[in-house]
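I opened my notebook to work through a protein model one look-up at a time. Here is what I wanted to check.

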Amino acid sequence: MKCNGFKIFGHAIGLTLVMFLSACGSTGSIKPTEVSQLCTRGDRAKPIFVAHIDERAEAYLGDAPKGEYDGVVKRVATALAVPRNPIYRSRVRTDCYDRAKKVWYNCVKETNIDFSKIKGIGRAPKMESARDLAVQICVVAVRINSPTGAAGIRYSSGKFGCKVSQQSYCPVFKATKEFKAKKKALKLARKKIEGTGYKLRKDFCVSQYCLPE
């Protein structure tokens, strides 16, 4: 959905991720990202996903437009989250079928799930929010890229979780006159719809209260 040139996802970010993430099967170890690369604006190639929180504490899939934080903060908090287990290995006892003998027998199957390339980048006015968002989109990516019933392990397990590996403060881009005009129009549209309920959040959100599930 678009409103005055802005894509609005709001709290539907989780559903949006489910629609856009796709499986990845590359191998390799997670390497630190240079700060300059962390601050480079723009969406990344899968399986690296970016999201941001605006001044009203709304979460959006995709990187923040240049000028989004102009006049809001002096530095943009940015965090990068990675899977806690880049390569998850598991041995599970199960039943196997011998087609030649047409019998079932006990066996052990090994499962290797590669999450090593998955990363989540979050931007927000405050670092706490950026960290929360980065972890959240990373976790969604891990779950989406987990084979159904992999090793019989519940996806809610901490073994499938993510952690913040890097954080930094990035420069604020000056907003163009065109961007300011679009943002002003968006605010007016929101005020018209929300009436007296319209207001800017000063806490900029923390995950347990207002980030999307």
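This is a predicted model: local features need pLDDT of at least 70, side-chain atom pairs count only at pLDDT 80 or more; totals for chains, interfaces and linings use all residues.

**Entry 1: the disulfides**

How many disulfides does the structure hold? I found three.

I started with Cys39 and Cys170, which are joined by a disulfide with an S to S distance of 2.1 Å. The angle about that S-S bond is -80°, and the link of Cys39 and Cys170 is left-handed. Cys39 belongs to helix H2 (residues 35–39) and Cys170 to strand S9 (residues 162–170), so this pair ties together parts that are 131 residues apart in sequence. I also looked up burial here, and both Cys39 and Cys170 are buried.

**Entry 2: Cys96 and Cys107**

Next I looked at the disulfide that joins Cys96 to Cys107, with S to S at 1.7 Å. Left-handed or right-handed? The torsion about the S-S bond of Cys96 and Cys107 is about 75°, so I wrote down right-handed. Cys96 sits in strand S6 (residues 87–98) and Cys107 in strand S7 (residues 103–114), 11 residues apart.

Then I checked burial against the cut-off, which is under 20% relative accessible area for buried. Cys96 has 12%, so I put it down as buried. Cys107 comes out at 13%, so it counts as buried.

**Entry 3: Cys138 and Cys162**

The sulfur atoms of Cys138 and Cys162 are 2.1 Å apart, and the two residues form a disulfide. With a torsion of about -75° about the S-S bond, the disulfide of Cys138 and Cys162 is left-handed. Cys138 is in helix H3 (residues 127–144) and Cys162 is in strand S9, 24 residues apart. The relative accessible area of Cys138 is 0%, so I marked it buried. Cys162 is buried with 5%.

I wanted to know what Cys138 touches as well. Leaving out residues up to four places away in sequence, I listed Ala81, Val82, Pro83, Ile118, Gly120 and Cys162.

**Entry 4: the cores**

Which residues touch the most other members of the largest nonpolar core? Out of 23 residues, they are Phe115, Ile118, Ala130, Leu133, Cys138, Val142 and Phe160. H3 gives the largest share, nine residues.

I also found a second, separate core of six residues, with Cys39, Ala64, Tyr69 and Val73 among them. A background note to myself: in soluble globular proteins, nonpolar side chains tend to be buried together.

**Entry 5: Asp54**

Where does Asp54 lie? I found Asp54 in the loop between strand S3 (48–53) and strand S4 (59–61). Buried or exposed? Its relative accessible area is 4%, so Asp54 is buried. I then noted that a polar atom of the Asp54 side chain lies 2.9 Å from the backbone nitrogen of Glu58.

**Entry 6: Ile48**

Ignoring neighbours within four places in sequence, I saw Ile48 in contact with Lys117, Lys119 and Ile121. I also checked Ile48 against Val82: they are 34 residues apart in sequence, and their C-alpha atoms are 9.7 Å apart in space.

Key:
Residues are numbered from 1 along each chain as its sequence is written. Side-chain values use heavy atoms; hydrogens and water are left out. A disulfide is a pair of cysteine sulfur atoms within 2.5 Å. Helices (H or I, at least four residues) and strands (E, at least two) are DSSP runs, numbered from the N terminus. Buried means under 20% relative accessible area, exposed over 50%, partly exposed in between (1.4 Å probe, protein chains only). A polar contact is a pair of N or O atoms within 3.5 Å; within protein, one must be able to donate a hydrogen and the other to accept it, and residues adjacent in sequence count only if both atoms are side-chain atoms. A nonpolar core is a set of buried Ala, Val, Leu, Ile, Met, Phe, Trp, Tyr and Cys residues joined through side-chain atoms within 4.5 Å. Contact means heavy atoms within 4.5 Å.
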